[in-house]
Amino acid sequence: MRILSRKQQQGFTLIEVLVALSILVMSLTVLFRIFSIGLSKLSYAEYYADATTLAQDLIEGDKLSLSNQGGSNSGMNNGIFRWNRVVSPYEKFDPTGSSQRNDLYVTQVKVNWMMLGQERSLALSSLMLIEPEVDELMR
């Protein structure tokens, strides 16, 4: 059996091992931070998609209930989203100064929710054409 001198021995010194471990720890810290930011963005995207779906449902649903006279209502959905819907007759701008009312109504919906201590909101608006009922046409 032969004995190797210090110059012939192979292996890592303690400094090399510590440097390698510190680089590994820094890399893992960066990766974990990237994943946590990605997860929070995914959560925000889920809430935003839910709020958009709610706003679209509010615009599409109950078209006739508020449109005949205009009006507003509000509420809360799933204990998370607060919403407000306003339906009003749409008045075209006429350069001569006269306004003409027709069967167009504008629906505006605003949805608010809290996320990570900040209030988030989404607003949608839409024009809808309401055809007069048969009774009104006979007059």
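Me: What is the mean pLDDT of the protein?
Reply: This is a predicted model, in which local features need pLDDT of at least 70, side-chain atom pairs count only at pLDDT 80 or more, and totals for chains, interfaces and linings use all residues. Residues are numbered from 1 along each chain as its sequence is written, and side-chain values use heavy atoms, with hydrogens and water left out. On the pLDDT scale, the predictor's confidence in each residue from 0 to 100, 76% of the residues reach 70 or more, and the mean is 82.

Me: In which helix is confidence lowest?
Reply: Helices (DSSP runs of H or I, at least four residues) and strands (E, at least two) are numbered from the N terminus. Confidence is highest in helix α1 (residues 14-60), at 92, whereas the lowest mean, 49, belongs to residues 134-138, which form helix α3. Over residues 134-138 the pLDDT is below 50, and beyond near neighbours in sequence this stretch has 1 contact (heavy atoms within 4.5 Å) in the model. The helix asked for is α3.

Me: In what order do the elements of the protein run?
Reply: The protein holds 3 helices and 4 strands. Read from the N terminus on, the order is α-α-β-β-β-β-α.

Me: Does L21 count as buried, partly exposed or exposed, and what is its relative accessibility?
Reply: L21 is found in helix α1 and belongs to a nonpolar surface patch that also includes L24 and L28, with about 1000 Å² of accessible area together. Such patches join nonpolar side chains (Val, Leu, Ile, Met, Phe, Trp, Tyr) within 5 Å, or like charges within 9 Å, from residues with over 30% relative accessible area and no salt bridge, and areas come from the Shrake-Rupley method with a 1.4 Å probe, only the protein chains shown counting as cover for residues. Buried means under 20% relative accessible area, exposed over 50%, and partly exposed in between (1.4 Å probe, protein chains only). L21 is therefore partly exposed, at 45%.

Me: Which residue meets R82 in a salt bridge?
Reply: A salt bridge requires a side-chain nitrogen of Lys or Arg within 4 Å of a carboxyl oxygen of Asp or Glu, and the count by this rule comes to 1. The side chain of R82 meets its partner at 2.8 Å, N to O, and that partner is E119. Because R82 lies in strand β2 (residues 81-92) and E119 in strand β4 (residues 118-129), the pair ties together parts that are 37 residues apart in sequence. R82 is partly exposed at 38% relative accessibility, as is, at 47%, E119.
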